[in-house]
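Visitor: Hi, could you walk me through this one?
Guide: Happy to, here it is.

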Amino acid sequence: MSTPETKQYTYKDWYPTTSAKAQQPDLSPEEKARPFAKYFYEEIPQPDPAHYAMMEKPCDPSKALHPSRMNDLLNPGYLDVEIGWCNLPDGAGFIANKIVYPGVTAEMVDWWFAWHPLEDLRYRIWYPPQHGGIHLSPEGRKRILDESIPMSERNWGVVHHVTENCDCGMENITISFYSPKDYGFDMTRFKQPYVSTFAGGQGWAVTVDKNDESITAPAMMCHIFRDTPEGLEHRTRFWLGYRLSNGVPECTLPPGVAVPSVAVQGLARHNVKEFTRFKHFLPRIYAEFGGKMLA
Amino acid sequence: MPIKLMAASRKRPGLTRAEYQRYIEFYHGTIARQERFKIDSYVQNHVIDGAWGLLSDADHENKVVDRDAVVEISFKNFRDMMETLEPAVPSAASQDGKFFANESTNIIVMAEEEEIPVPTPLTTFNPGLGIVKGVGALKVLQYIMRDEEVYPEDYKKSWRMAHEEAVEKAPYYKEQARRVQANWRCRANDNDGAARKHFKMIDPPTYDLVVAHWFDTMEQVGAFRQYVEAMQNATGPKFANWSKSFFLYTKQIVVVRDTPLS
């Protein structure tokens, strides 16, 4: 029997739907009837002004973490830049963010990253002001719904086809999720207390209104979590302009070209906003639907 | 990770295939050696024969169905490729194309290589010392167009399943394929303005995968026929548009390659 979680478009049919998703229409009657639709209409919490202000100006590039040193994220303590953004000397964009989530566990995060790509509304309720929609391929959906796979591994090898505004207009972004090993982490150190869970991969973003001149931009995305006495600590890193090439980060910018600073800052601000919302609603939605994939 | 440009071109009006192949090997190839820029390796594959589409097709679905060579230009990384394609002063190689190629019909794939293991990389016919594996004088280049309904990530998975099934169902191929290399289209190919400018193609078709198969000699080409028919009839999910796919039997000519000793 077809359910909202199993509704499947072919690639040919899905792609044209993204223009409509980018318009962020009101929910359909079918969506309004979903048990989690109420989250779409909630008032969205605003970021802590002091935190948001840290994304106002670029940080010192010499203090930014280069993607080849991603394993420094497994060191105890903190790196030079935990909140900030800049352009690296090679033109790539760098973003760091850190938020602590009291009352949130790694299990909740694992469930959320597997649960939300199954239908547009699940993604839209995360951050209604800027999330347009999401879709999976048939094989991706099959893996996400495969109960024999641990929740923390469901996304490995799965591609989320996302329509999202990262403060620079609506884009179609394909995010290929990787296992931490394939992403490049040192698995001898990938354990407690250095890390509780991870969600990351390789993205390619292009404007929804793409034409032959549009640039499809790569980025490496890293969300790494560890337990602290205050709650689950979420540390984000983005490297815009980098792609993972057989497990090795490689700058994919033409010589002399830099990622526009407005795009780096835009994603940095978007990240603060969507994960501020995440902090407030994940424990509540997990209490209602957590652990299960169908709703 | 190396990145490779694969350009499949056809001869300009008025040239025979032999004249075209003479030109690209001895003139264009020499220019590439003289103006190497950051080219890591440069291989030409001179087309001997090939086929487009299926026997069941009433007509060709591609606008242009002739290819006379496929050149493969490899770079250590994306930046090296861009510096070579867009030098400060236009390169002679980019100006030379019009003397041999019908440039507007070029098909470009910017690809990353993946070696696919084969059961019998060593020939049983006169293997000599038996220490050189994975080589062959006949190279088949198989361009497989993704079915437009299939997601790129599922295409990859389905091809692997179909390949494994076809190898099992094609015993002659299983015995004779000496090397197989999958060349996967990189998303950096989406930004192919520099490649379009260099190779001057207009509205080219998009191929997500080019598979290279090596055999000992032209005498074993029937092994590929057996394989490709098994693949087209594979039992897994549909993943390819075979009417827009094609394969080329080629002879490989190395123009630039600093061959390591091991």
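Visitor: Which residue is the bridge partner of A:Gly201 in β7(A)?
Guide: A:Gly201 has A:Met221 as its bridge partner in β7(A). Helices (H or I, at least four residues) and strands (E, at least two) are DSSP runs, numbered from the N terminus. A quick word on ground rules: this is a predicted model, where local features need pLDDT of at least 70 and side-chain atom pairs count only at pLDDT 80 or more, while totals for chains, interfaces and linings use all residues. Residues are numbered from 1 along each chain as its sequence is written, chains are lettered from A and ligands numbered from 1 in the order in which they are written, and side-chain values use heavy atoms, with hydrogens and water left out.

Visitor: Thanks. How many bridges link β6(A) and β7(A)?
Guide: Nine, and the pairing is antiparallel; two strands pair if DSSP finds at least two bridges between them. β6(A) is also joined to β5(A) by seven bridges, again antiparallel. In that pair, A:Ile175 has A:Gly203 of β6(A) as its bridge partner.

Visitor: And is β6(A) mostly covered or mostly open?
Guide: Mostly covered: ten of the eleven residues of β6(A) are buried. Buried means under 20% relative accessible area, exposed over 50% and partly exposed in between, with a 1.4 Å probe and protein chains only.

Visitor: What's the strand order in the open sheet of chain A?
Guide: There are eight strands, in the order β1-β2-β8-β7-β6-β5-β4-β3, with antiparallel pairing. β1 (84–87) and β3 (131–135) of chain A are the edge strands; each has a single partner, so one side of each lacks a neighbour in the sheet. On average, neighbouring strands of this sheet are turned by 20 degrees against each other, direction ignored. Angles run from 0 to 180 degrees between N-to-C directions, and axes are lines fitted to C-alpha atoms, for helices over the stretch in contact.

Visitor: Which strands does helix α4 of chain A touch?
Guide: Helix α4 (residues 106–115) of chain A packs on the sheet and touches β4 (159–165), β5 (170–177), β6 (197–207), β7 (217–228) and β8 (231–240) of chain A. The direction of α4 makes about 30 degrees with that of β6(A). Contact means heavy atoms within 4.5 Å.

Visitor: What does the side chain of A:Glu233 make polar contacts with?
Guide: One polar contact, at 2.4 Å, goes to the side chain of A:Tyr78, and another, of 2.6 Å, joins A:Glu233 to the side chain of A:Arg226. A polar contact is a pair of N or O atoms within 3.5 Å; within protein, one must be able to donate a hydrogen and the other to accept it, and residues adjacent in sequence count only if both atoms are side-chain atoms. Not counting residues up to four places away in sequence, the residues A:Glu233 touches include A:Lys98, A:Val100 and A:Phe225.

Visitor: On to chain B. Which elements do the buried residues of α7(B) pack against?
Guide: They pack against β5 (138–144), α4 (152–169), α5 (171–176), β7 (209–215) and β8 (246–257) of chain B. Those buried residues include B:Phe224, B:Tyr227 and B:Met231.

Visitor: And how many residues of β5(B) are buried?
Guide: Seven of seven, so β5(B) is largely enclosed by the rest of the structure. On one side sit B:Leu138, B:Val140, B:Gln142 and B:Ile144, and on the other B:Lys139, B:Leu141 and B:Tyr143. β5(B) pairs antiparallel with β7(B) over seven bridges, and five bridges join β5(B) to β8(B), also antiparallel. B:Lys139 stands opposite B:Thr250 in β8(B).

Visitor: Last one: what is A:Pro138 in contact with?
Guide: Leaving aside neighbours within four places in sequence, A:Pro138 contacts A:Gln8, B:Tyr151 and B:Asp154. A:Pro138 is in helix α6 (residues 138–144) of chain A and is partly exposed, at 39% relative accessible area.
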